[in-house]
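Here is a short briefing on a two-chain model. Keep the structure open while reading.

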Amino acid sequence: MIPWLAQAPAAPALNMWNAPAGTPEIWMKVGIAMLAGFGLLAALIAAPTRLRRPISGAFIFLAGLFWVLVFLFPKPIDSQTPHEQRPRGFVQDVSFWLADAIPVVSNFSNILTAFILGLGVFSLVRIHLMRVAKKQNDWPFSVVLLVSMVAMATFGYWDWKTRLDLGGAKVDEAWPLAAYGKDLLFDGMLQVMEAAMFSLIAFFILSAAYRAFRIRSVEATILLCAALIAMLNLMGAVVVTWDGMIESFGKDNAFVMNFTLSSVAGFIRDNLQTPGIRAIDFGIGLGALAMGLRLWLSLERVGGN
Amino acid sequence: MANEKTIWEKLQAIDRRVLYTLLMVIATVSLFFKVNVPTKPGQPTKDLYRLLVDDEALPEGSTVILQSDWTQSTRGESAGQMEALLRILMRRNIKFALLSVADPQAPLVARNVIRAINLERKAKNQREYQVWEDYVNLGYFPNAEGTSNAIAANFKTAVAGRKETPPGSATPLDVFQSPVLSKVSKVEDVPVYINVTGSKTSNILIERLGGRVPFAALVTGVMGPETLNYYQSGQVKGVAIGLNGVAEMESLMEKGLVETGKPEVKSFAGETNYGRGMAYYLALHTCLVLMIVAVVVGNVAMVAARKKK
């Protein structure tokens, strides 16, 4: 089988795509990969418009084919079986090759995703720099964004480097400027603002529940009752009090015990809510499968095509 | 005054600013009271507690993989879950390998919680958890699906190249040389895989780990119903859902677990068990009461207004 996706079986777990950190070999490989990437991008840009779609379609098909094979092909019993002890035969060879290649291909997708993050940063910086340069509407907000971004990246990297050089414990004891800056910006500002933003949802939920939960129809009444029981069941004090009251009526009476709040809420959860969500998930799964097939086989229609 | 609204009509259309103010005041005031509200833990939380504390399910001193996929946006629920989980793991000397796939901020947020629990232990003259010896940080992996596939296929190669600096050393070493991961090469080598998440990464993991390892999840209230699907099918061995789940976990830590036909699971009585879960639990109660009252008032006013007409 083709060896260039397989991981070396023994430590250090290296393959033709990686090398020990900090060695000239890894820098050479990074350089070659960058050149190849830019070359491929240039070729794609230079290619006639009608050829771009088949080229990208071929890449998508190959990338998808790997995971389809991983999912459908028989799996090896233990993918970490040493090479010399592995059973021989076409099916076994393919299944071991696929299992060996998964971490490598996953690393490819991790790197691609990291590039997407980088692309997002690039796009954000470009748009806001242009807005500042042209003094467009609300440009001071763009300045705040850019300054925040640079400050966070600077202090984050500085703190990371200090911790790497001194060790985390020493940094926590000495608390240098890098740690102080990172702590102020990340923990003191960003994290708190993020939590505050998310907590706003509570206000909208309350307002929406007050306006929407009205018993205007039978269905709405059923929904309201179920929601009320679910909400009451989230309140430990109510559950303990109600269930205790029911238990005092007849702890040994199975029929009476059906009326404990936890039993009623459990019945709704196990027999109505969860199966309902399962059905929705099943529908979403089928839809995702259909959409995935269309994307994989390049059957999606492009606008104007 | 034909256009003047009746009291019932007014109660049907309470200004949202009034509701917002009420919620803000009630939530804030509730946080000032330290009350141990009683709880009645549900079966998913009981199963999670049994999985984490029972020595047969998770032997003392063993290693677990802890995937932390939450940030401050779900702090109200996830931070309490993480704290309760870490308290249990540290008290049982369970080593853990920490990784994140959901958000680049997640590893740093998790490290902050570890530091907070370590400070709590230091204040009680208990042993602090040391990086390298007791836990390693594998960092952030930007592709949840791909990383989960790789972990399921071959854990060792999936996280190959990740390094951590042992205390007292200046040179970072491969994490698989650490006491935490020295005996782990595949995901089946750990007794439990734990995911604390504010998103659907638990679903992604369950779909890809496919029963290779007992899986436990601590999820937000929003993700709870979806995760219960996998709990019902047995693919998740235990779940703590939302703030209610945290309060239940803390209550079990304080009181232990006694279930008919099953061995008793010990408590951690005398330790700091009630934390963020119980601190916020009263606020959850009062806010839910406000919501129920608001809904009831709206409906009563609607029915009364209709009758009057």
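Helix H4 of chain A, residues 139-166, has 28 residues. In this predicted model, H4(A) reaches 40 Å from its first C-alpha to its last. That is close to the 40 Å expected at 1.5 Å a residue.

**Helix H4 of chain A**
- Ser142(A), Phe155(A) and Asp159(A) are buried in H4(A).
- H3 and H6 of chain A are among what covers the buried residues of H4(A).

**Interface between the chains**
- On chain A, 49 residues are in contact with 55 residues of chain B.
- Several helices of chain A give two or more residues to the side that touches chain B, including H3 (90-133), H5 (168-174) and H6 (177-212).
- Helices H7 (218-233), H8 (236-250) and H10 (261-296) of chain A are also among them.
- H6(A) supplies the largest share of this side, with twelve residues.
- By residue class, the side of chain A that touches chain B divides into 26 nonpolar, 15 polar and eight charged.

**Chain B overall**
- Chain B has eleven helices and eight strands.
- Its C-alpha atoms fill a box of roughly 85 × 45 × 40 Å, taken along the principal axes.
- Of the 309 residues in chain B, 50% are buried.
- Take the contacts in chain B with a separation of 6 or more: 72% of them join residues 24 or more positions apart.

**Domains of chain B**
- Four residues of domain 1 of chain B are in contact with five residues of domain 2 of chain B.
- On the domain 1 side of that contact, the residues divide into four nonpolar, no polar and no charged.

**Nonpolar cores**
- In soluble globular proteins, nonpolar side chains tend to be buried together.
- The largest nonpolar core here has 95 residues.
- Val64(B), Leu85(B), Ala97(B), Val136(B), Tyr193(B), Phe215(B) and Val239(B) touch the most other members of this core.
- Helix H4 of chain B (residues 75-91) gives the most to this core, with eight residues.
- Apart from this core lies another, of seven residues, among them Tyr210(A), Phe213(A), Leu23(B) and Met291(B).
- Leaving out residues up to four places away in sequence, Tyr193(B) touches Val64(B), Ile65(B), Val187(B), Leu209(B), Val213(B) and Phe215(B).

Technical notes
Residues are numbered from 1 along each chain as its sequence is written. Chains are lettered from A and ligands numbered from 1 in the order in which they are written. This is a predicted model: local features need pLDDT of at least 70, side-chain atom pairs count only at pLDDT 80 or more; totals for chains, interfaces and linings use all residues. A nonpolar core is a set of buried Ala, Val, Leu, Ile, Met, Phe, Trp, Tyr and Cys residues joined through C-beta atoms within 7 Å. A residue is buried if 20 or more other C-beta atoms lie within 10 Å of its own, exposed if 12 or fewer, and partly exposed in between; C-beta atoms are placed from the backbone. Helices (H or I, at least four residues) and strands (E, at least two) are DSSP runs, numbered from the N terminus. Two residues are in contact if their C-beta atoms, placed from the backbone, lie within 7 Å. Ala, Val, Leu, Ile, Met, Phe, Trp, Tyr, Cys and Pro count as nonpolar, Asp, Glu, Lys and Arg as charged, and the others, Gly among them, as polar. The expected span of a helix is 1.5 Å times one less than its number of residues.
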